[in-house]
Amino acid sequence: MDITTISSFSKEDLEKALKRIKRSIWVYHINTGGCNGCDIEILDVLTPWFDVERFGIKLVASPRHADLALVTGPITIKTLPRVVKALRAMPRPRLVLAIGSCAVGGNIWFESYSTIGGFYKILDKLHELGVEIDKIVYVPGCPARPEAIIYGVALLLGLVKQKVHYVRKKA
């Protein structure tokens, strides 16, 4: 199983599906219980200073209309059913951008009693429930910078190449 892609789609199918998205990319924001620092940065991305609407990125109110889910905050036990419901409502290909240290790995709420952790911790649960995530990009930072969020979206859509690759080395 590929870490960044969990899908019955092959990579060629995903690339074809991404090429079919010729129109604006519509995003749906899911806050799963974070401190709202990354939410403020997402708002900053949408304001005229960064003006991502000129690239066709638009915030929508329903996951049914979204091409991409912006997930911020650690996944809490209370928000897990709502996250699953929102992701299930999204049409395929389901793209997820996990923004901030909380969504990437849990941050200060790592292994606390009320949180599950970062978004990667629910991938197996989503797979069991039949919710396939086609592509995920993790944007670290506390909070993640607006430039990093824009780069993450461009990376997710295949507009830019990944600059750094993570390689786990044995000690």
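Predicted model: local features only at pLDDT ≥ 70, side-chain atom pairs only at ≥ 80, totals over all residues.
**View 1. Five strands make up an open sheet.** Strands of a sheet pair through backbone hydrogen bonds, either parallel or antiparallel. At the edges sit β2 (57-59) and β7 (135-139), each with pairing on one side only. From one strand to the next, the twist averages 25°.

**View 2. Strand β5 meets β7.** Here β5, covering residues 95-99, pairs with β7 in the parallel sense over five bridges. Look for Ile99, which stands opposite Val139 in β7. Helix α2 (residues 37-46) also packs on the sheet, where it touches β1 (25-31), β2, β3 and β5. The direction of α2 makes about 140° with that of β3.

**View 3. Thr72 sits in strand β3.** This strand spans residues 68-72. Thr72 counts as buried because its relative accessible area is 2%, and buried means under 20%. Setting aside neighbours within four places in sequence, you can find Thr72 in contact with His29, Ile30, Asn31, Thr32, Gly33, Cys38, Asp39, Ile42, Ile99 and Ala103.

**View 4. Helix α6 lies across the sheet strands β2, β3, β5 and β7.** It runs at about 160° to β7. The helix covers residues 146-156, and its buried residues include Pro146, Ile149, Gly152, Val153 and Leu156. An α-helix has 3.6 residues a turn, so residues three or four places apart point the same way. Ala154 and Leu155 of α6 are buried as well. Just after α6, take a look at Gly158, which has a positive phi of about 80°.

Methods
Residues numbered from 1 in each chain as written. Heavy atoms only, no water. Helix = DSSP H or I, 4+ residues; strand = E, 2+ residues; numbered from the N terminus. Buried < 20%, exposed > 50% of the residue type's maximum accessible area, 1.4 Å probe, protein only. Contact = heavy atoms within 4.5 Å. Pairing = 2+ DSSP bridges. Axes fitted to C-alpha atoms, helices over the stretch in contact; angles between N-to-C directions.
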